[in-house]
Amino acid sequence: MMHRFLTLLTVLLTSLLAQAAAAQDGPLRIEITEGVIEPLPFAVPALVAENAAAEEVARNIAGVIAADLTGTGLFREIPEKAFISRITSFTSPVQFADWKAVNAQALVTGAVSVDSAGKLVVRFRIWDVFAGQELGNGLQLVGTQDGWRRIAHKVADQVYSRITGEGGYFDSRVVFVSETGPKDKRAKRLAIMDYDGANLTYLTDSSSIVLAPRFSPSGDRILYTSYESGFPRIYVLDVASVRRRVLESQDGTMSFAPRFGPDGTTVVYSVSRGGNTDIFRMDIGTGRSTQLTSAPSIETAPSFSPDGSRIVFESDRSGTNQLYIMSANGGEAQRISNGTGQYGTPVWSPRGDLIAFTKQSKGRFHIGVMRTDGSEERLLTASFLDEGPTWSPNGRVIMFTRETQGAQGAASLYSVDITGRNLKRVPTATGASDPAWSPLQ
Amino acid sequence: MTYLTRLLMLCAGLALAACTDPGRFDDSNTVDLNGGNGGLAGSASDPTSPAYFNQAVGDRVLFIIDQYTLTPEARSTLDAQADWLMTNRDYNAVIEGHADEQGTREYNLALGARRANSVQEYLLSRGVPASRLRTVSYGKERPIEICSDESCYAQNRRAVTVISIAPTS
């Protein structure tokens, strides 16, 4: 896989200001906790191609940086045709007045070259135009030429984090289930792509149903459920080698809904035996499993807290599906969902403060978030069928499955900001469901 | 009792529009109904044939929304399934539990497991040996009807008894 060959060196280039950190507190800042956001105007001129081999990629990188930033809904791109200044040299002083005149509050300048070893070398700086100073330090990134998109995402992550004060999420991937064929004969296969839909690769063929893939905390492995034995079983797949092995296969049982714990060795999942579904955990090094719940009700969809101490899950023990939190070792569980309707597929946010869930109420489906004590429930979406939220690495965006109604109904991936803004479809070549967002790479 | 009478009774029991079309139960369609029995259909007029099991006995039972308890109609179908399985001991069965699309993937897998288990428990109670039965849940992954209203959902909330010739030991 391409990403493996991308050795990325981040090298400190220059520091114009002795106290560069002070720029972080400067005027160029989006407070994304505020209620209403006026997107911040920015300009990313084509990077300066320092040799002929870099000419095409210089423009492409600028395009991906701009698309990343615009895609957040927090930034607005100033189109190239409005530019007064041209950036012709990475080292020449920036004409701030020209960028102020087109109202570009942030400016990204950069240069690209292909070195003698055939590596792509990208240098960039981020400018606070109205303050007339650099925002943080310039950086140099080195990677393979076919990894140019990843370098662009890294630059965009820097812009995003320097301006919002939060981590970025552009240099990340999504594993999902690619869907083709009619609703009653749907073919499903695992696929992985960049978060923006680029660089699609299939990980399985479509000979058996596959469901709900989940990344390991380092993104190197994927847990998923497959019917390849004729019964649902959990598999673990190594992303680099695409080798897989069955994780859980007790005869006469079904296992599904797996998720890694933050240590990358503990897995929680559901086992159905004799019609009853309970939650188990397993150390995937030793294969030893422990039963965490033992109620006659359905207990499924477990998800660890980021510190690994607790597990949120869904259960119908009260008569309807609700969300509960228990210790990572099992034991008594506390119900956290309190609204009307049915709650499912809870996922703990990477920041630890929120739980995303699917809610079914009055014939509609919603993606929502609540605090870990169940308070401050907010529904972010509504449709015929929305389900299965997954968090961006910075806990700012949620991706999920939306399925349309009727005989021609099809699934696709959508993302939405946790404020409920910026709902949009994630481009995929086929139908798509069950996304899982990787950590930042 | 003739095949047609049994079929009409089955349709009356299910009380569903789809049953008014007997062609739906043709051998040629059986493959579409989740596959399992299509390969060994035989003739529906032969009471020892899988085709007879699928069509005259009835290979499936339906459930009400979000439930896994067996209706009286379901129990009557399963009585006939148990009789057939006790008579035709060369066959084993995998009971597939299914759900309609109203629910999350995970919950529907668990619900399908409950439905398959309800059928298994009932067949066990009628004397079918445990060694001949297995269960699997498909959740909402394999609807047979694809519209998004109750007429289709009612058909999709089902447990299908898929028979196959037992491996000779």
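Four strands of chain A form an open sheet in the order β12-β13-β14-β15, with antiparallel pairing; strands here are DSSP runs of E, at least two residues long, numbered from the N terminus, and two of them pair if DSSP finds at least two bridges between them. This is a predicted model, where local features need pLDDT of at least 70, side-chain atom pairs count only at pLDDT 80 or more, and totals for chains, interfaces and linings use all residues. Residues are numbered from 1 along each chain as its sequence is written, and chains are lettered from A and ligands numbered from 1 in the order in which they are written.

At the edges of the sheet are β12 and β15 (244–248) of chain A, each pairing on one side only. Inside, β13 (residues 221–226) and β14 (residues 233–238) of chain A pair in the antiparallel sense over six bridges. Leu223(A) has Val236(A) in β14(A) as its bridge partner.

Now the partner chain. How many residues of chain A are in contact with chain B? There are 33, and they meet 20 residues of chain B, contact being C-beta atoms, placed from the backbone, within 7 Å. Among the elements that give two or more residues to this side of chain A are β12 (210–215) and β16 (253–260). The largest share, three residues, comes from β16(A).

Finally, the chain overall. Of the 441 residues of chain A, 50% count as buried, that is, with 20 or more other C-beta atoms, placed from the backbone, within 10 Å of their own. The C-alpha atoms of chain A fill a box of roughly 75 × 45 × 45 Å along the principal axes.

Notes:
Buried ≥ 20, exposed ≤ 12 C-beta atoms within 10 Å, placed from the backbone. Contact = placed C-beta atoms within 7 Å.
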